[in-house]
Amino acid sequence: ADSVEAFERAVELDDSNFDAWYWYTNTLRLRRQDTEALTAMQRAVELEPMSYSANERIANMYDVRGDFVRAIQHYDRADQLDDKETSLFPLEIAWSYLWAGEYARAIDVFRNILADQADSVSAMMGLSDIYLAMGDYREAELWSDRAAALSVLYRDGHHILEAQQNFAGAKVYMEQILQREAPRRELGTLYQLFRIDYVSGDIEAARTWLAEFVEMLGGRIEVHPRNVRPWRELAVAAFWIAHGSEEDQEPERGRRIATEIRDGLTTLADMGWNRPDMLASLAAAHALLGESTAAMDRLSEAIEAGFKNQMSALANPAFDSLRELPEYAQAIARMDKQIEQDKIRLADLQLAPYVAPEKREPVAVARELLERYVGWYSDGNALTHVFFSDDNRFAAKYGPRPMFHLLALAGDTFYSPASSDITMRFYLDDSGEATHFDFMFPGGEQRLIRVDDPPPAIQLPRES
């Protein structure tokens, strides 16, 4: 409260104080006063229309609300002001078009990104998702395979198998990822295995995966009031309502989750938020609570706003109670008609040609130089440990995530075969000691500073 009052006094004393309006916005957002925060940031942009940080921030605020036209305008301006010449903002623009349901435009931007940066896994993911929603499984699989070849972190290929009713193949796909993660088990992998078994009708196997998933979350499913795509929570709620243990009060827990999602997203909709995926999520919450009329109204609004089954959302079991309704079939037919129009627009475009990236060839680097890079580096949130693994290979490990090996492109620059679109460049001082490295990824870069004595508050990686 004190910080809000301080900024309110600052802007009252000087309405032209850009810094006060900018930081006032951050304070309001932390207090979830989203409408007031947007008004404050609009004033900041009005004062400094060429501010890189203000344009980036207001673009994000418009994006999450579903005002994609304004979001794209400010992402484009931020891109023009970006002196690092990254693909961050073109990617944001492309994803905004995707979420808005403007598939032809999104494909065009993604292809332009790939013409400049042929190893952009994010752009490939976007293309695969769009083609899947459009029913073009061949193109969806093509871009999915290209993404998987560049990054072992890519794990979305199961959606294509599921769309073709190949649930056994989808499960094998995710089980292979689970084996790669061993001995750790990622939440996302457990969730997808639960969902695949649930959708395919193997209820007991789904129950087993869900139990482990919930256990990793401390036994509770929390609903974040600003999560506009709560698909995981909706699927869990659907399972508990339909198949949960009465003894463990799971059906009641499922209804409570659905109610929290419905009420939270209704509040956002009443505030003017109009994201297609948010409205579709709200429709699913209504459906779980037996409110079919409200569910169909919200799904109709979602399609009007541009919802076209992005990220295979309609496969979520939360929609099951609607599938036999004539209104649901009509809504899907309406969505399919819009997708046919996208295909016509796409056929009229001259897409940028794609040329696969050249295969990276590692070079030899003296161990004496590599040893200078060994140590702990901090980004302010977690530590990265650079070290030699048990098999005497140069490697790194970020926070609790699995170790990854590093191969040299030059004496100071390295990449990981696990994800070829990511590089690390180390810097030495005049005495030859490493001071930091830059972590470069599609859309930007981050600097991590060498720390000799890791602060205890920062999470240390677990060696494995």
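1. Asp277 comes out as buried, because its relative accessibility is 4% (buried means under 20% relative accessible area, exposed over 50%, partly exposed in between, with a 1.4 Å probe and protein chains only). Asp277 sits in helix H16, residues 276-288 (helices are DSSP runs of H or I, at least four residues, strands are runs of E, at least two, and both are numbered from the N terminus). From its C-alpha to that of Lys337, 60 residues apart along the chain, the separation is 18 Å.

2. A word on the source: this is a predicted model, where local features need pLDDT of at least 70, side-chain atom pairs count only at pLDDT 80 or more, and totals for chains, interfaces and linings use all residues. Residues are numbered from 1 along each chain as its sequence is written, and side-chain values use heavy atoms, with hydrogens and water left out.

3. Now Asp430, which is exposed, with a relative accessible area of 87%. You'll find Asp430 in the loop that links strand S7 (419-428) and strand S8 (434-441).

4. On to helix H8, residues 121-133: its 13 residues reach 18 Å from first C-alpha to last, close to the 18 Å expected at 1.5 Å a residue (the expected span is 1.5 Å times one less than the number of residues).

5. How much of H8 is covered? Most of it: 11 of the 13 residues are buried, among them Val121, Met124, Asp129 and Tyr131. After H8 comes Gly135, with a positive phi near 80°.
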